[in-house]
Amino acid sequence: MLFRSEGTGNNVAEARIATLPDGPLVGFTATAWPAGDPAATVIHGVVLDNSNQPVPGVTLRLRDTSILTQSDSKGLFRISPAPVGRVKLIVDGSTAQRPGAWPDLEFELTTIAGRDNDLGMPIYLLPLDLAHGLLVDETHGGTLTLADFPGFSLQIQPGSATFPNGSKSGVVSVTIVHSDKVPMVPNFGQQPRFIVTIQPPGTRFDPPARMSLPNVEGLAPG
């Protein structure tokens, strides 16, 4: 396959069966960028909240490196030079220069040498609902619910949570995410209408936390 021009999503390929001119038809878009000088590789982006307002002071770092930066007053950030290839971008909301508690996120991207790489969308952060969080430890568990969404619950058994720092004690929170502000595109073409973030990221539950979801799709029983 030959890509005729560089750009993001501007190369369109279609496939059809020659003996079926009316279909079916399969099409997809592709992004093509020629590589350049590795020393000129850049990662850039913007950090916004659910209202599209900038979130300054957020720390962005590349895992397994000492490379980091912070978002500016407009939420913009730039990492230069950046490594070439597959990298993990860690977004640390704990340093945000706005009131409230902000989450951590992780993104995977593959940088192209000598190019100004981005995620293809803003990084959306939202203030966490810690006021309704649940303190769990070796002897205390409980159930998290959402007042605006009856039918949702997250049941955590005592001693089942292990937090990213290895501790068995901490606060677990659940916060609603606007469907048009999901930080990363869901896998496998999913388009869920009910989306939450469970924080802190990387918390493990053993036995697993039992979660119930409201039937926002109006599906029939079974």
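In this structure, T143 stands opposite Q155 in β13. The pairing of β12 with strand β13 (residues 153-156) is antiparallel and runs over four bridges. Two strands are taken to pair if DSSP finds at least two bridges between them, and strands themselves are DSSP runs (E, at least two residues), numbered from the N terminus. The model is a predicted one, in which local features need pLDDT of at least 70 and side-chain atom pairs count only at pLDDT 80 or more, while totals for chains, interfaces and linings use all residues. Residues are numbered from 1 along each chain as its sequence is written, and side-chain values use heavy atoms, with hydrogens and water left out.

The aromatic residues come next. Rings of Phe, Tyr and Trp (its six-membered ring) pair if their centres lie within 6.5 Å, with planes under 30 degrees apart counted as stacked, over 60 as edge-to-face and the rest as tilted. By this rule there are two aromatic pairs. The ring centres of F149 and F194 are 5.2 Å apart and the planes stand at 65 degrees, so this pair is edge-to-face. F149 sits in the loop between β12 and β13, and F194 in the loop between β15 and β16 (196-199), so the pair ties together parts 45 residues apart in sequence. For F152 and F194, the centres are 5.9 Å apart and the planes at 45 degrees, so the pair is tilted. Together, ring pairs link F149, F152 and F194 into a cluster.

F152 is buried at 3% relative accessibility, and F194 is buried at 14%. F149, at 28%, counts as partly exposed.

A further open sheet of three strands has the order β11-β15-β16, again with antiparallel pairing. Its edge strands, β11 (134-136) and β16, each pair on one side only, and neighbouring strands are turned by 20 degrees against each other on average, direction ignored. Four bridges join β15 to β16, and the bridge partner of S173 in β16 is Q199.

Strand β15 (residues 170-176) also contains V171, which is partly exposed at 37% relative accessibility. With L130 and L135, V171 forms a nonpolar surface patch of about 250 Å² accessible area together.

Finally, strand β4 (residues 59-62) pairs with strand β5 (residues 68-70) in the antiparallel sense over three bridges, and R61 stands opposite L68 in β5. The hairpin of β4 and β5 has five residues between the strands, and D64 takes a positive phi near 65 degrees there. β4 is also joined by four bridges to strand β7 (residues 85-92), running antiparallel, where D92 is the bridge partner of T59.

Conventions:
Patches are made of residues with over 30% relative accessible area and no salt bridge: like charges are joined within 9 Å, nonpolar side chains (Val, Leu, Ile, Met, Phe, Trp, Tyr) within 5 Å. Accessible areas come from the Shrake-Rupley method with a 1.4 Å probe; for residues, only the protein chains shown count as cover. A salt bridge is a side-chain nitrogen of Lys or Arg within 4 Å of a carboxyl oxygen of Asp or Glu. Buried means under 20% relative accessible area, exposed over 50%, partly exposed in between (1.4 Å probe, protein chains only). Axes are lines fitted to C-alpha atoms, for helices over the stretch in contact, and angles run from 0 to 180 degrees between N-to-C directions.
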